[in-house]
Amino acid sequence: MATGRSPTNIAVIKYWGKRDEALILPVNDSVSVTLDPDHLSATTTVAVSPAFSADRMWLNGKEISLSGGRFQSCLREIRRRARDFEDEKKGIKIKKEDWEKLHVHIASYNNFPTAAGLASSAAGFACLVFTLGKLMNVKEDHGELSSIARQGSGSACRSIYGGFVKWCMGNKDDGSDSIAVQLADEAHWKELVILIAVVSSKQKETSSTSGMRDSVETSPLLQYRAQTVVPSRMLKMEEAIKNRDFKLFAKLTCADSNQFHAVCLDTSPPIFYMNDTSHRIISLVEKWNHSEGSPQVAYTFDAGPNAVLIARDRKTAALLLQKLLYYFPPQDKDLSSYLVGDKSILTDAGLHSIEDVEALPAPPEIKIHDQKFKGDVSYFICSRLGAGPKVVTDESQVLLNSITGLPNG
Ligand code: ADE
């Protein structure tokens with residue numbers, strides 16, 4: 001049995017469009033920041049036993065099917081690389097060729113709502129591949145693991161590393177050079193604070209898989225973006241990260257998010273991932289950045305309405321939170337469940353109670369509306385850059401019972 005934990009990641013140069021659907025090969029390079037696993041991660045326990053009669057998986061306590069091609073690819077690729085394993089103390093000996101015959105049980109748990117649209121499959125598939133690799137004594141490096149995780153969910157390949165990560169699109173038909181590499185670890189730019197607004201939405205969103213397919217088939221802007229815009233943007237983004245140049249980083253991050261959503265609009269039929277709340281948050285950040293004379297905050301939006309805001313430092317993040325809470329106050333009286341993750345940002349912002357939020361002055365420099373929008377943000381998450389996958393040794397976090405092989409209650 002083995003247990004691992006993997007972070008989720010947020011792209012600042014977006015992945016949108018596949019050149020090979022089966023192998024999950026992208027039409028352009030992308031860059032992401034890995035988030036702190038304490039706030040956004042998947043934990044996965046994998047076990048093998050001759051007593052298991054089938055491969056089975058439980059996600060957040062509910063059994064799900066493993067028959068999909070993506071799970072099958074990850075299982076097949078890890079099994080193919082499995083090696084001899086011996087634990088003399090426990091009297092366990094598994095030969096390389098025996099792994100194929102042993103069924104696995106997998107239990108995975110996300111420490112954030114899977115339905116919130118926060119790249120849970122990126123954390124999930126990175127964790128599955130990392131933890132299965134540990135169990136089966138796979139010796140491949142992180143680059144190779146990233147290429148297997150990619151076959152589960154494209155963006156999962158970037159969750160194999162912490163810090164700033166680049167997914168190189170690669171050129172080979174077999175996808176062997178479409179791997180992730182780390183640009184800088186999480187300690188490189190510690191000042192950055194990530195504030196996520198989980199935006200309420202009643203709308204059923206287009207899945208990324210079908211949205212991307214439609215964009216590849218119909219959007220002329222996607223071709224231009226992949227061939228002309230992203231290659232030069234990648235060079236600049238790598239420089240911005242290397243030099244901790246926030247001005248350039250923010251400019252590129254916002255521009256790339258906006259171009260991704262422009263590609264969605266350019267798709268036939270058009271895809272709308274952002275909603276009025278998303279647009280109001282963009283407007284707030286743009287106005288504030290303009291009034292300060294230089295960018296204080298970058299925004300980026302994935303395939304959904306949630307805003308991911310990256311503040312240049314803690315002081316800026318606290319000011320940002322004040323402005324956001326002025327326009328988007330919580331619906332109920334409980335401030336502490338309205339901001340999860342690193343709650344100390346509330347103290348930095350001088351917000352100890354709901355009365356403090358109600359007393360916030362209107363931010364004059366960023367007047368986006370005369371009214372407030374109570375209830376339009378479900379909650380906020382405050383996080384930072386984080387490390388890559390890790391083995392979990394704390395017994396209390398193991399998700400499968402070592403006797404029955406079934407999920408712990
Ligand atoms: N999809 C969403 N969350 C997941 C997880 N933890 N493991 C595998 N797939 C997932």
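Biologist: At what angle do helix 7 and helix 8 pack?
Modeller: In this predicted model, helix 8 spans residues 314-327, and its axis lies 11 Å from that of helix 7. The two helices are therefore oblique to each other, and their crossing is right-handed. The angle at which helix 7 and helix 8 pack is about 135°.

Biologist: How many residues in the contact of helix 7 with helix 8 are nonpolar, polar and charged?
Modeller: Helix 7 contributes Ile281, Leu284 and Trp288, while helix 8 brings Thr316, Leu319, Leu320, Lys323, Leu324 and Tyr327 to the contact. Sorted by class, the residues of this contact come out as seven nonpolar, one polar and one charged.

Biologist: Are helix 5 and helix 6 roughly parallel or roughly antiparallel?
Modeller: Helix 5, residues 220-242, packs with helix 6 at an angle of about 165°, and their axes are 10 Å apart. Since angles over 145 degrees count as roughly antiparallel, that makes the relation of helix 5 to helix 6 roughly antiparallel.

Biologist: Is the crossing of helix 5 and helix 6 left-handed or right-handed, and how many charged residues does their contact have?
Modeller: Among the residues of helix 5 that meet helix 6 are Arg225, Arg233 and Lys236, and the residues they face in helix 6 include Asp256. By class, the contact holds 12 nonpolar and two polar residues besides the charged ones. Helix 5 passes helix 6 in a crossing that is left-handed, and the number of charged residues in the contact is four.

Biologist: At roughly what angle do the axes of helix 2 and helix 3 cross?
Modeller: Helix 2 covers residues 120-135 and helix 3 covers residues 142-150, and their axes come within 9 Å of each other. Helix 2 and helix 3 are therefore oblique to each other, and the crossing is right-handed. The crossing angle of these two axes is roughly 130°.

Biologist: Which residues make the contact of helix 2 with helix 3?
Modeller: By class, this contact has six nonpolar residues, with no polar and no charged ones. On the side of helix 2 it is made by Phe125, Ala126 and Val129, and on the side of helix 3 by Leu145, Ile148 and Ala149.

Biologist: Is the peptide bond from Ser268 to Pro269 cis or trans?
Modeller: Pro269 is placed in the loop between helix 6 (246-265) and helix 7 (276-292). Most peptide bonds are trans. For the bond from Ser268 to Pro269, however, omega is near -5°, and the bond is cis.

Biologist: How far from a nitrogen atom of the ligand is an N or O atom in the side chain of Asn110?
Modeller: The residues around the ligand include Ser108, Asn110 and Thr114, along with Met57, Leu59 and Phe71. A polar side-chain atom of Ser108 lies 2.8 Å from a nitrogen atom of the ligand. For an N or O atom in the side chain of Asn110, the distance to a nitrogen atom of the ligand is 2.8 Å.

Definitions and conventions
Residues are numbered from 1 along each chain as its sequence is written. This is a predicted model: local features need pLDDT of at least 70, side-chain atom pairs count only at pLDDT 80 or more; totals for chains, interfaces and linings use all residues. Side-chain values use heavy atoms; hydrogens and water are left out. Axes are lines fitted to C-alpha atoms, for helices over the stretch in contact, and angles run from 0 to 180 degrees between N-to-C directions. Helices (H or I, at least four residues) and strands (E, at least two) are DSSP runs, numbered from the N terminus. Angles under 35 degrees count as roughly parallel, over 145 as roughly antiparallel, 65 to 115 as roughly perpendicular and the rest as oblique. A crossing is left-handed if the near helix is turned anticlockwise from the far one by less than a right angle, and right-handed if clockwise. Contact means heavy atoms within 4.5 Å. Ala, Val, Leu, Ile, Met, Phe, Trp, Tyr, Cys and Pro count as nonpolar, Asp, Glu, Lys and Arg as charged, and the others, Gly among them, as polar. A residue is near a molecule or strand if one of its heavy atoms lies within 4 Å of it. A polar contact is a pair of N or O atoms within 3.5 Å; within protein, one must be able to donate a hydrogen and the other to accept it, and residues adjacent in sequence count only if both atoms are side-chain atoms.
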